[in-house]
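Here is a short tour of one protein chain, written for someone new to reading structures. Keep the model open beside you as you go.

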Amino acid sequence: MIELGLSRISRLLQQTPLSWKVIHIAGTNGKGSISAYLSHVLSSGGVRCGRFTSPHLIDRWDCITIDERVVQESLFRQVEARVKLRDQTLGIGASEFELLTATAFEIFNHEQVEIGVVEVGMGGRLDSTNILNNVLVSVIAKIGLDHQAFLGNTIHQIAQEKAGILKPGVSCVVDGTNEPEAIRAIKDRISELGLEAAIVHPDAPDPHLPSLSSLFRQNDFQAHQQANMSCAAAALKAVLPQIRTGLDANTLIPRFTSAEWPGRLQKLVLQPLTTRREPVLLDGAHNAQSAEVLGEYVDHKMRPSGSNVTWVIAASLGKDVHPLFHSIIKPGDNVVSTAFGPVDGMPWVKAAHPEELSQCVHDIEGIGAVQSHGNDIQGALEWACTKADGGPLVIAGSLYLVSDVLRLLREANKS
């Protein structure tokens, strides 16, 4: 279950001095991409860099990387066992995410990283990653409505929780494309703490970072990609003088284009899982804001001359699926719903019923064929590939669906 609070993680790490500095990143959408940009360019610049994101993608340990390589399973299990034993011995009763966070931080110690790029799990103020006190810069990415049961029912309330990662004396970077009420809440906290802040916007790039402006001119990035890169560039500019002489942000920024972040606008071929030869689009969009971004990309890149799109969808139980799917699925599109399987280390996460998802998209006027394949993801993919007949095909609605597809593809490639 999800249990916000800092008391348990504090006890877990009480005797574990952290030997590395931190870039701490909160937000509803974009924080994973910003983390990927930063860890990629820092590692490429010779800085030993660890990254901790959540949730994992395929294996529980792939949310922890050292210099862009997933931590070895053997080391992960060794450190995790030590953390769990401490939890049991001290009677702490830590949550799964707290145990994972402590494991990641101790692995960073073991691997002697210089910088840890750490993504907030949920919210900020009471998230277990907020135990960190060695932060070089705090970053707040795009904020949207998500996890309202824990964080509040308005953008302003959620932004207040996200702004809880801001610390006295630590500069911060804020995505300036946020809604005005989010910006107001964050600015209030910045003012209260008297912080140095950079509120960045891709339409007004930092004149001291000409390589970022050049990058935008030379590439056809979506608006959200430019916003995320702007945040990463500003964080890089703030961090480099504190850790290393001889490294220049303008030199590293062009390397953003070679950063990889699986499961977000990812193109891949499903063979040998299916017979389809053409690439499909895989995206973990799971809330209205991220779905809007996905919809803009699909409309711009995948609907030439009004082409219909075939969708494979799933969602987490409890999600408001109407705004999620009605914003991206258009009349004439074909849809197959399915359910992801159990999530390792996150037993509280359940899949929405595929029949309910099918009923939701049936409400779209002029919708094409709609099918439900229960928890048979393989069958759903085969139906979609047949229906698409080489045309645009998108898998979306849940990062856990993305994980299952990638896992199935990995197993198919082994056999």
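## Two prolines to find

Start with Pro-272, which sits in the loop between strand E9 (266-268) and strand E10 (280-282). Strands are DSSP runs of E with at least two residues, helices are runs of H or I with at least four, and both are numbered from the N terminus. A cis peptide bond links Gln-271 to Pro-272, with omega about 5°.

There is also a cis bond between Ser-54 and Pro-55, where omega is about -5°. Look for Pro-55 in the loop between strand E2 (49-52) and strand E3 (64-66).

## What you're looking at

This is a predicted model, so local features need pLDDT of at least 70 and side-chain atom pairs count only at pLDDT 80 or more, while totals for chains, interfaces and linings use all residues. Residues are numbered from 1 along each chain as its sequence is written, and side-chain values use heavy atoms, leaving out hydrogens and water.

The protein chain has 15 helices and 14 strands. Its C-alpha trace spans about 55 × 55 × 40 Å along the principal axes. Of the 415 residues, 57% are buried (under 20% relative accessible area; exposed is over 50% and partly exposed is in between, using a 1.4 Å probe and protein chains only).

## The nonpolar cores

A nonpolar core is a set of buried Ala, Val, Leu, Ile, Met, Phe, Trp, Tyr and Cys residues joined through side-chain atoms within 4.5 Å. The largest one here has 37 residues, and Ile-23, Leu-38 and Leu-236 are among those with the most contacts inside it. Elements that give this core two or more residues include strand E1 (21-26), helix H2 (31-44) and helix H9 (223-243). H9 is the top contributor, with ten residues.

Which residues does Leu-236 touch, leaving aside those up to four places away in sequence? They are Leu-38, Val-41, Leu-42, Ala-249, Leu-252 and Ile-253, where a contact means heavy atoms within 4.5 Å. Another core, of 33 residues, lies apart from the largest one; Leu-268, Phe-340, Leu-393 and Leu-401 are among its members.

Asp-67 isn't a glycine, yet its phi is positive, at about 50°. You'll find Asp-67 in the loop between E3 and strand E4 (69-70). Leu-265 also has a positive phi, near 50°, and its place is the loop between H10 and E9.

Are these two buried or partly exposed? Asp-67 counts as partly exposed because its relative accessibility is 24%, whereas Leu-265 is buried, at 18%.
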